[in-house]
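Welcome! Take a look at the sequence and the model, then read on.

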Amino acid sequence: MEGRRQVQAAAAAARGGSAAGRRRGGARRLRGRGSRSLLTAPASDRQPPKLFQYPKMVHHKPDEATADETSISTLPPSYNPSQAPPVYKVGYPPQKNLTTEFTNTLRETFFHDNPLRQYKGQSGSTMFKMGLQFLFPVFDWIRTYNLSKFKGDLIAGLTIASLCIPQDIGYSKLAYLDPQYGLYSSFVPPLIYAAMGSSRDIAIGPVAVVSLLLGSLLQNEVDHEKNKEEYLRLAFTATFFAGITQAALGFLRLGFLIEFLSHAAIVGFMGGAAITIALQQLKYVLGIRNFTKETDIVSVMESVWGSVHHGWNWQTVVIGFSFLAFLLLAKYIGKKNKKYFWVPAIAPITSVILATLFVYLFRADKQGVQIVNNIQKGINPSSVHKIFFTGPFVIKGFKIGVVCGMIGLTEAVAIGRTFAAVKDYQLDGNKEMVALGTMNIVGSMTSCYIATGSFSRSAVNFMAGCRTPVSNVVMSMVVLLTLLVITPLFKYTPNAILGSIIISAVIGLVDYEAAILIWKVDKMDFIACMGAFFGVVFKSVEIGLLIAVSISFAKILLQVTRPRTALLGNLPGTTIYRNTDQYPDAMHVPGMVIVRVDSAIYFSNSNYIRERILRWLTDQEEKVKAEGLPKINFLIVEMSPVIDIDTSGIHALEDLHKNLQKRGIQLLLSNPGSAVIEKLHSSKLTEHIGSNHIFLTVADAVRFCTSKSMEEP
């Protein structure tokens, strides 16, 4: 008797809540162009019990909200509880042939932004000009360029040039290359990017992480001391294939591939690489001559402490740590007050000048202080003949180039998007890839190694007031002047000051605040972050990168194979059905179990979803039996989040339906999407389940189940 009262109460709640939403929002007919079943279902299909009387359609103003299962409603005093709103059936999308479906899928995958829409209706000459502007954005923004913009670009270009010159010399050492190659890489590539790039703020040149990764991978193949020429040729070959990889990703619109390296993995990888880079600089800051070639923290610290009594040079230590303190102080001043952004920008070149002058005046090089010595004077020589196009080194160069190119691409696109969001303009990711790839291809032929966007220089470029990529041109011209005139002045520059500059530059890559936030938001992401971090610090850059990629893919597989499901309950006084864990006030409806699947149903998770739904059902049956509540006769599966389903998923639903039939339980589906209902219909599963058991909302399904329960004796 008590169970029957609960069923009647549920029926009244379902009618009242739905009717209240009906009076507040009005009923709107669902129509679709080319749809077969979007109209209100005929009475013969609905077969309502005599208890229900459906009211006539009432049309409201278009701006009034339509009642749906998200409406929170209260019963008006004049409402007649015997009335119920009309029930709408799930619509079937128009049939598509194979060609149309394949074309739509291809377009959404590679051309979702419809890049050719601007060319429609244009003449041939106009299309040619537009195509030229697409490949070379310089032809677009140069038309509105003026003296005011040039002033901003000039100041920004001079500022980042003062920062990049000492960094380039130091970063080339990370790649085990002579100093001039770092300067070469800040001369030609920025000019190419200025013509082809779409970011106004990125500063182009060598970066610490890519330099370290390139040097580490090259050193595994060729010893940079014993086979210097082959090492250099392999570096140019890797740069060439890095450019090919980047440009190909842009032309083929495959930029989404770099998204598989998650933000958390990048944070951990960058942080680990920063620690590794800083540790590598101890040999310069402490003046150690015999230093390990390994990059892991254990080997480095053994090398450092093993030479403490005989390998450290006190003059070098004084120079290194005093200027490191100066650089960190300058960075602190710039961070504390944004208007002093120029202080940390000019601090590196100031440190180089002062340290070089100190060594020259006191001839500290005679007392064991290691210096840069001669930097080759002149502009970039051609290196086309040095690239390996045949032989065993081609494959090695290709592998190294792909890895370094992807990392450089990830960093540059992330930097570009960050500053584009701040300045509120659009950045075309595929166009950026083409620009970065082209500049590295040209760079490999002009004695450059892999260049990309530098975060520290881009930040300075942004704060210095850059307006267009001309700031890169200004920086490039300063580097050209340095190569032609100033390089002999770097002869007495101590390696210690370069090490200090690199340490101060990479400290910012250790983003502990982001790691803390990742821990708070997603523990699995934190595992990926820490896995990448410890892999780099305790093993190698390659292992850390491999761990980062592996954990990122593992997370995707875990989410695909073990999607979330939720048990739904009714929020009292409404037609809303929500997760009972998230909303403790949500009440279970007597005689039925409502489950929501929060994922597409594919071969990888279909068995798990079926078993998880049955486990929900079993748990609820045991609970009902223990509490003496009405037997469960209905299972409602809410399919709104199910964006797609494959044949394995359809078989899983079919098996679920057969299992439920043996237990005397009816399966009902709620709100399957267009792709899902189309496949269910094509597989005839809708006939097995019954078209009258597929509903537009959970509220409709509950109302149907409640009316069926009321009919039972």
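Predicted model: local features only at pLDDT ≥ 70, side-chain atom pairs only at ≥ 80, totals over all residues.

The protein chain has 713 residues, and 52% of them count as buried. Its secondary structure consists of 28 helices and eight strands.

**The chain as a whole**
- Among contacts with a separation of 6 or more, 83% are between residues 24 or more positions apart.
- The chain exposes about 33,900 Å², and carbon and sulfur atoms supply 61% of that area.

**Helix H14 (residues 314-336)**
- H14 has 23 residues, which at 1.5 Å a residue should span 33 Å; the end C-alpha atoms are 33 Å apart, so the two values agree.
- At the start of H14, a side-chain oxygen of asparagine 313 comes within 3.3 Å of the backbone nitrogen of glutamine 315.
- The buried residues of H14 include Gln315, Ile319, Phe323, Leu327 and Gly334.
- Helix H12 (282-285), helix H15 (342-362) and helix H20 (495-506) are what the buried residues of H14 pack against.

**Helix H21 (residues 512-521)**
- Ala514, Ala515 and Ile518 are buried in H21.
- Viewed down the axis of H21, these buried residues fall within an arc of 100 degrees, so they line one face of the helix.
- Their packing partners are helix H11 (263-280) and helix H22 (523-538).
- Tyr512, Glu513, Leu517 and Lys520 lie on the other side of H21, where they are exposed.

How values were computed
Residues numbered from 1 in each chain as written. Heavy atoms only, no water. Buried < 20%, exposed > 50% of the residue type's maximum accessible area, 1.4 Å probe, protein only. Helix = DSSP H or I, 4+ residues; strand = E, 2+ residues; numbered from the N terminus. Arc of directions from axis to C-beta. Contact = heavy atoms within 4.5 Å. Areas by Shrake-Rupley, 256 points an atom, 1.4 Å probe, with all protein chains shown as cover. Expected span 1.5 Å × (residues − 1). Polar contact = N/O pair within 3.5 Å; in protein donor to acceptor, adjacent residues only side chain to side chain.
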